Amino acid sequence: MQVIEEDQLSRVMAQKTTPVAIRRGTGYKLHVQLPYAEDNRIWLQLGMKSAPKWLLSQRRWELPSTHFNTFVKRALDRYSRLYVIQPYAEQEVCAKQCWDAQGHECQCSCMGANHGSGNGDGYFEVTDTFAVRWQAQRMGCRLMARK
C-alpha cells in the first residue's frame, strides 16, 4: 500500500466523473460526492426514509451511515466505479472473516483487496488502493469497479 500526500487526496476529491464515498468511522454520517445530475437528490432518496442532506460548503451529500452498502451497490450499478475513503487498521492482518465477509465495509489492512472473495464470485473488484494521513487518523482510499 502506498502512502499518499494530501494533494493526491485532493485530486480524488476534485475530480468530477467518479463518485466518492467518505466513511469517517463509527458515529459519523456517510458523505458522498457525485457527478452532477439533476436527479441526484431523488436517486439518493430511493429506498431511504430520511432525505439526503446537501452540504453546500463541502459540495457533497450526507446520508445515514447505515446506507453505506446500499449506496456502494447502487453507485457501482449507475457509475461502474466508486472511490471509498475510510479509516483502516494499519497493523491488522487480513483473515478469513474478511474473505467471507458480506457487504462492502472492510477495515482491515487489505483495504478490501481480499474482502468477500471467499467464494471467488465477488460483486466488486478493487482496482487501486492507497493510504493517506487525515486528521491524525490513518485513512485509506480504494477505487472499486463493477465486474
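Trainee: How many cavities of 30 Å³ or more are there?
Mentor: The count is one cavity of that size. On a 1 Å grid over the protein atoms alone, a cavity is a set of points where a 1.4 Å probe fits but cannot get out, while a pocket is an open set with protein on both sides within 12 Å along at least five of seven lines. Keep in mind that this is a predicted model, where local features need pLDDT of at least 70, side-chain atom pairs count only at pLDDT 80 or more, and totals for chains, interfaces and linings use all residues. Residues are numbered from 1 along each chain as its sequence is written, and side-chain values use heavy atoms, with hydrogens and water left out.

Trainee: Why roll a probe at all?
Mentor: Rolling a probe the size of a water molecule over the atoms shows where empty space is left.

Trainee: OK, how much space lies in the largest cavity?
Mentor: About 60 Å³. A volume here is the space filled by probe spheres set on the points, with grid points joined across faces, edges and corners.

Trainee: And which residues line the largest cavity?
Mentor: Leu44, Leu46, Met48, Leu63, His67, Thr70, Phe71 and Arg74; a lining residue has an atom within 4 Å of a point. Helix α3 (residues 68-79) gives the largest share of that lining, three residues. Helices (H or I, at least four residues) and strands (E, at least two) are DSSP runs, numbered from the N terminus. By class, the lining has five nonpolar, two polar and one charged. Nonpolar covers Ala, Val, Leu, Ile, Met, Phe, Trp, Tyr, Cys and Pro, charged covers Asp, Glu, Lys and Arg, and the others, Gly among them, are polar.

Trainee: Now the open one: what volume does the largest pocket have?
Mentor: About 280 Å³. It is lined by 17 residues, and Lys16, Leu34, Tyr36, Trp54 and Arg59 lie nearest its centre. β3 (30-33) and β5 (60-63) are the elements that give two or more residues to the pocket lining. That lining has eight nonpolar, six polar and three charged residues.

Trainee: Switching to rings: how many aromatic pairs are there?
Mentor: Three aromatic pairs. Rings of Phe, Tyr and Trp (its six-membered ring) pair if their centres lie within 6.5 Å; planes under 30 degrees apart are stacked, over 60 edge-to-face and the rest tilted. Trp43 and Phe71 have ring centres 6.1 Å apart and planes at 75 degrees, so that pair is edge-to-face. The pair links distant parts of the chain, with Trp43 in helix α2 (residues 40-45) and Phe71 in helix α3, 28 residues apart.

Trainee: Is Trp43 buried or exposed?
Mentor: Trp43 is buried, because its relative accessible area is 10%; buried means under 20%, exposed over 50%, partly exposed in between (1.4 Å probe, protein chains only). Phe71 counts as buried too, at 4%. Trp43 also forms an edge-to-face pair with Tyr79, 6.0 Å centre to centre and 85 degrees between the planes. Ring pairs link Trp43, Phe71 and Tyr79 into a cluster.

Trainee: Which Arg lies over the face of Trp43?
Mentor: Arg74, at 4.5 Å from the ring centre. Arg23 lies over the face of Phe68, at 4.8 Å from the ring centre. A charge sits over a ring if NZ of Lys or CZ of Arg is within 6 Å of the ring centre and within 35 degrees of the ring normal.

Trainee: What about the largest nonpolar core, which members touch the most others?
Mentor: Val32, Leu44, Phe71 and Leu82, out of 18 residues. A nonpolar core is a set of buried Ala, Val, Leu, Ile, Met, Phe, Trp, Tyr and Cys residues joined through side-chain atoms within 4.5 Å. The largest share of this core, six residues, comes from α3.

Trainee: Last one: where is Tyr88?
Mentor: Tyr88 is in the loop between β6 and α4, and it is buried, with a relative accessible area of 8%. Tyr88 and Met139 are 51 residues apart in sequence and 6.0 Å apart in space, C-alpha to C-alpha.
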